[in-house]
Structures are given as C-alpha cells and as structure tokens.
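Hi everyone, and thanks for making time. I'd like to walk you through one structure this morning, so please have the viewer open.

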Amino acid sequence: ATGDIVWQVKVKGEVIAAPTFENNVVLVNTVSGLLTALDAKNGEELWQVEQDVPPLTLRGISAPSAASGGVLIGTPAGELTVYILENGQQGWSVNLGEATGSTELDRVVDVDSKPLVLGETVYSVSSRGQLSALELRSGRVLWQRQYSSYRQISISRNNIYLTDVKGHVYAVDRLNGLERWSNALLTNRNVTGPAVHGKYVVVGDFEGYLHWLDAQTGDIVARTEIDSSGVYTTPTVSGGI
C-alpha cells in the first residue's frame, strides 16, 4: 500500500533471478548454490538447501517454480530438482544436461531457465543438453529433444517457444516435442527468451530491437528499435502490452 520496507534479509550469494512466492513462503535462489525459504510475513528463514556448483558455470541461475506443494529448480550441474515446500526435503532429481568434453568449458550444462509447470507436466531446458517434459509428481521423463538454451522458455496453448544458444528461435509441440518451425535469421544477435503476445512471439536482441514473429510460421513480421544499448531480458506481456 505504501512502498515501505516491511522486512529485509541478507542471503548468502548474489540474487540474479526473481524470487518466487507460494503459500506465504518466499523462495530465493543465489549464485552460490543456496536455495532459501523465508517466511513472507517477517523474513524468518524456514529452511535452506545447498546445490552443487561446478568450477565453471554460466552467468545466470534458475528462478524457482512452485507447484503442488513442491519447489522446482534448475541447477548449475544440469539437473532439474524438486524440494518439498514445507520442509526443503529433496524429492526427485533428473539430469537434463550432457556434460561431455575434456575441458570445464565443454562441460558447462547449467539449467538457468525457470521451470514451467502446466497441469501435471513440467518443462525445462539445459544450456547444453535437452529440452525435456517430465511428470510433475514423479520426475519421469515424458520426452526429450536436443535443444540447448539458457534463456527463459514460454508456453502458449500446445506450443513451447524457445531461443537456443545461437539465437535461433523455435516452436516445439509441448505434447510430443516435435518441432513445428525454426527461425535462424537472428543468429548471434544475443536473442532474449521469447514472449507470447497474441498471435505473435516477441524477442529482443543486443542491438535493442524487438522482433515480432508469427506464432504459426516463425516468420518475422515486424521489428522496432527500443534502445540502442540492447535488450537482455525476456519481454513481459501484461494486459495486451
């Protein structure tokens, strides 16, 4: 109502992903690998879990998702893990990344995209590995497809929209993982994650342009320059804006 600070808590590690709120619990993930649950009323720590952080990771972390009494989070080690919201106890964990190669750089497999839950299915992607659909309660893999991304993914109706590490934009059927279309015209433009706006998919790039793609075909139908300093985060759509 006023904007006054109600409480303030210092957590271990830098916070570069949005916290999540569920059932009066605030969930915060940090670059040091700590997932912390705080009481939303007073900031009191309820529980904390530590995730393994490899020697070399991307500059990014997964924001938590909460659903059905669980907390879903991607890890720097390439896993999608669920914790019990009430006490932080670990449930299932599934490896989405493929840590191959002889160097630490080759073995970077971060899951930095916030897991998306739709019904009884959770969708997530690794920076080097798989776009995956898993059963929410058990972690059973429903399907996996070879896509690599550290950007936020979006879902609209039966389509998953994602931007891969090269800047290619894809539409994938969320029911079976089959590719509907791809667009490689924005290669190496540091393309953001996609946002769905009506009949369009919108992405930004490092030159500050927003590009509108036809959601059915993937064709670029419009673009506008927003800021020459660049667009680096996934656009947000609210109320048709």
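Some ground rules first. This is a predicted model, in which local features need pLDDT of at least 70 and side-chain atom pairs count only at pLDDT 80 or more, while totals for chains, interfaces and linings use all residues. Residues are numbered from 1 along each chain as its sequence is written, and side-chain values use heavy atoms, with hydrogens and water left out.

Now, the spaces. On a 1 Å grid over the protein atoms alone, a cavity is a set of points where a 1.4 Å probe fits but cannot get out; a pocket is an open set with protein on both sides within 12 Å along at least five of seven lines, and lining residues have an atom within 4 Å of a point. Grid points are joined across faces, edges and corners, and a volume is the space filled by probe spheres set on the points.

The largest pocket has a volume of about 600 Å³. Its lining has 22 residues, with Ile-16, Ile-61, Asp-112, Tyr-150 and Gln-152 nearest the centre. The second largest pocket holds about 270 Å³. Fourteen residues line that one, and Arg-157, Tyr-161, Gly-198, Ala-215 and Gln-216 are the closest to its centre. Strand S14 (159-163) and strand S16 (179-183) each give two or more residues to this lining; strands here are DSSP runs of E, at least two residues, numbered from the N terminus.

Next, Thr-75, in the loop between strand S6 (70-74) and strand S7 (79-84). Is Thr-75 buried or exposed? It is buried, at 4% relative accessibility, where buried means under 20% relative accessible area (1.4 Å probe, protein chains only). Beyond its neighbours within four places in sequence, Thr-75 is in contact (heavy atoms within 4.5 Å) with Gln-51, Thr-81, Asp-110 and Val-111.

On to the aromatics. A search of the whole structure finds three aromatic pairs. Rings of Phe, Tyr and Trp (its six-membered ring) pair if their centres lie within 6.5 Å; planes under 30 degrees apart are stacked, over 60 edge-to-face, and the rest tilted. Tyr-123 and Trp-143 make a tilted pair, 6.4 Å centre to centre with 50 degrees between the planes. Tyr-123 is in strand S10 (residues 121-125) and Trp-143 in strand S12 (residues 141-145), so this pair ties together parts 20 residues apart in sequence. Tyr-161 and Trp-181 have centres 6.1 Å apart and planes at 40 degrees, so that pair is tilted too. It joins S14 to S16, again parts that are 20 residues apart in sequence. Tyr-161 is buried at 3%, and Trp-181 at 6%.

Last stop, strand S18 (residues 200-204). Four of its five residues are buried, so S18 is largely enclosed by the rest of the structure. Three bridges join S18 to antiparallel strand S17 (residues 195-197); two strands pair if DSSP finds at least two bridges between them. His-197 stands opposite Tyr-200. Five bridges join S18 to strand S19 (residues 209-214), also antiparallel, and there Val-203 partners His-211.

That's my tour, so over to you for discussion.

Conventions:
Buried means under 20% relative accessible area, exposed over 50%, partly exposed in between (1.4 Å probe, protein chains only).
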